[in-house]
Protein chains: 2
Amino acid sequence: MAELVTVAVDANGADLGPAEVARGAALAAANGTRVLLFGPAAEMEEADGVEIVDAPVSIAKASEPAKAARSQPEASIVQAARSVAEGRAGALVSGGSTGAALAAGLFEIKRARGVHRPALTLTIPVPGRPVLLIDVGANTEARPEHLVQFAYMGAAFAQGVLGIDAPRVGLLSNGEEATRGSAVVIDAHERLTGATGLEFVGNVEGTTLVEGVADVVVTDGFTGNVAVKLMEGTTTALLNAIREAATSSSRGKAGGLLLRPALSELRDAFDVDEVGNAYLLGLRSLGIICHGRLTQRGFQRAIEVAERGVRERVVDRTYDALSAAGALRAVSEPAATVTPDQ
Amino acid sequence: MAELVTVAVDANGADLGPAEVARGAALAAANGTRVLLFGPAAEMEEADGVEIVDAPVSIAKASEPAKAARSQPEASIVQAARSVAEGRAGALVSGGSTGAALAAGLFEIKRARGVHRPALTLTIPVPGRPVLLIDVGANTEARPEHLVQFAYMGAAFAQGVLGIDAPRVGLLSNGEEATRGSAVVIDAHERLTGATGLEFVGNVEGTTLVEGVADVVVTDGFTGNVAVKLMEGTTTALLNAIREAATSSSRGKAGGLLLRPALSELRDAFDVDEVGNAYLLGLRSLGIICHGRLTQRGFQRAIEVAERGVRERVVDRTYDALSAAGALRAVSEPAATVTPDQ
């Protein structure tokens, strides 16, 4: 029988509170994942397979998360990350803020061997199968060699965790031709063309991204962050406008009622429990940063995804792929100062 | 009585053909705008107030528009731009490709005095009032001083043509704090804070952009281009999914029928005739690049918007604002090589 995987979970920062995270942990534990749960013990119910570590201090709302993560080693997210760094757990799940989790992950778990920069990735709800956008905010600037590594990091995750056999990797740009884009993007395109062990499909534009022409789409953290927020904003505005149309008159109301079952399927595609998580790739262990609005079902799922990431050896896969492609960061290269800015 | 304004129009490149552009020109002329219409005379009907110049050569589909604009001076878009440069018309309207119009505009009409880089801007359909995004693709890279000029160019256009009194100007970034963004964005934010004659509201994220927190949103052409295509893609995908939901069952169909009148208002907000045009700002005269899918009503409107831009002296307003703010390009500064890449 395979050994059980342990996932470290920070219960602070979730909109529904630590109790909801604890309920999600209990569900995941019932399915066979061990959970090391950091948060206010008084607020969380015990469950089989869940080990609660009392860590009431939260930095999820800190205005300067990097500073907070350094100065408050007792904070729940820092303790959770440390448990991963020390091998007591195989992956990190955070129910709290992106900034705090990013900082704690970088400081405690640290970059994986050969990786220039960790990156945040998010699955975008595209009809059919989701698209992984990497980076969505860990690095506001990226050099071509960073983008190349993001491609391998995203592909290894898509393969290991999402179960996509030969993930098609695209590069986000303002045109499909190889000559389109910023100097960094054009350089990255050249390096990715014919890169070993990668199914590079070329540049992807905003319009085709949404059509799912690639499984993994690479970009810098500035563009990626603007992109996901724009998609979120556009979707919300449009759905609000439709809701308004369906309540503005009795005729509209009747139409809205009749349409409801058909539209509920659509709503599921944007369900935060399904698509609300960000994955922190490029550390020595996998990190998952949950959307603040998740319910217990979402936390359960996040913990189980983390478990799959450990079982499928996503970090080792990434190293192997980078190594085979000759895309590892040279040991002689000075380590970049990693300052999470989100 | 005020003198009539003449607008130069390129009829090539529209999806519905030159005849449709000519019909739009006739409608605008009937409302009091003189039109100098370049295109295949054989395909266009004459009308009062419209002077047709036979120019059958089209470079709207050229794969390298900049090269085509240089090597084919007889092309309709080049002739139309030249008529503006020579003062025979006050503004340029193109029914064709963005690349060809951008190239012809830059080569013939040339940059306005004191302007670093022309920029393309697009109005984004936001409930309430539209948001002007600048730049959406004329420059894939932008320096801080370019972004500052884009702010004044966009504000002058919003004021003069869209009739927004004191346009609120925002800077697209990956966070609202002044310290968030790429080095260029952070620098631009500093320069824009307290800039003379500008209502700077700070950084704008994708989510708040769609809520209309600013009337003009400044970004580089790479990010702006990715952004508008993402919004277009997301909107299309979502509306398609809803249409599918409303036709997947008889119950859904009935609901869709009842909802139709309420939704038609929403559709209007995305009507390409209303929001499909890009404005080329920063040249010695205003340029409008129409969406290929416009109908005659859309072309009429574009010509009338160009007329308003001339009447409201948008180019002079921009110069005055840049001058008052000390943000003009110094004459001693070497002129940047302008190479339109779209």
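**Strand β11 of chain B and the A–B contact**

Student: How many bridges join strand β10 of chain B to β11(B)?

Tutor: Strand β10 (residues 278-281) of chain B and β11(B) run antiparallel and are joined by three bridges; two strands are said to pair if DSSP finds at least two bridges between them. Helices (H or I, at least four residues) and strands (E, at least two) are DSSP runs, numbered from the N terminus. This is a predicted model, in which local features need pLDDT of at least 70 and side-chain atom pairs count only at pLDDT 80 or more, while totals for chains, interfaces and linings use all residues. Residues are numbered from 1 along each chain as its sequence is written, chains are lettered from A and ligands numbered from 1 in the order in which they are written, and side-chain values use heavy atoms, with hydrogens and water left out.

Student: Are the β11(B) side chains buried or exposed?

Tutor: From β11 (residues 286-289) of chain B, L286(B) and I288(B) point one way and G287(B) and I289(B) the other, and all are buried, that is, under 20% relative accessible area with a 1.4 Å probe, protein chains only.

Student: Changing topic, what rotation superposes chain A on chain B?

Tutor: A rotation of 180 degrees with 0.0 Å of shift along its axis does so, at an RMSD of 0.1 Å, by least squares on the C-alpha atoms of residues with pLDDT of at least 70 in both copies. That is the relation of a two-fold axis. In chain A the C-alpha nearest the axis belongs to G255(A), 2.0 Å from it.

Student: How much do the chains bury between them?

Tutor: Chain A and chain B bury about 4,300 Å², 74% of it on carbon and sulfur atoms, where buried area is the accessible area (1.4 Å probe) that two parts lose on being put together, summed over both. In chain A, F222(A), L230(A) and L238(A) lose the most area to chain B, together 15% of what that side buries.

Student: How many salt bridges are there between the chains?

Tutor: The count is two, with a salt bridge being a side-chain nitrogen of Lys or Arg within 4 Å of a carboxyl oxygen of Asp or Glu; one of them joins the side chains of K229(B) and E205(A) at 2.2 Å, N to O.

Methods. Buried means under 20% relative accessible area, exposed over 50%, partly exposed in between (1.4 Å probe, protein chains only).
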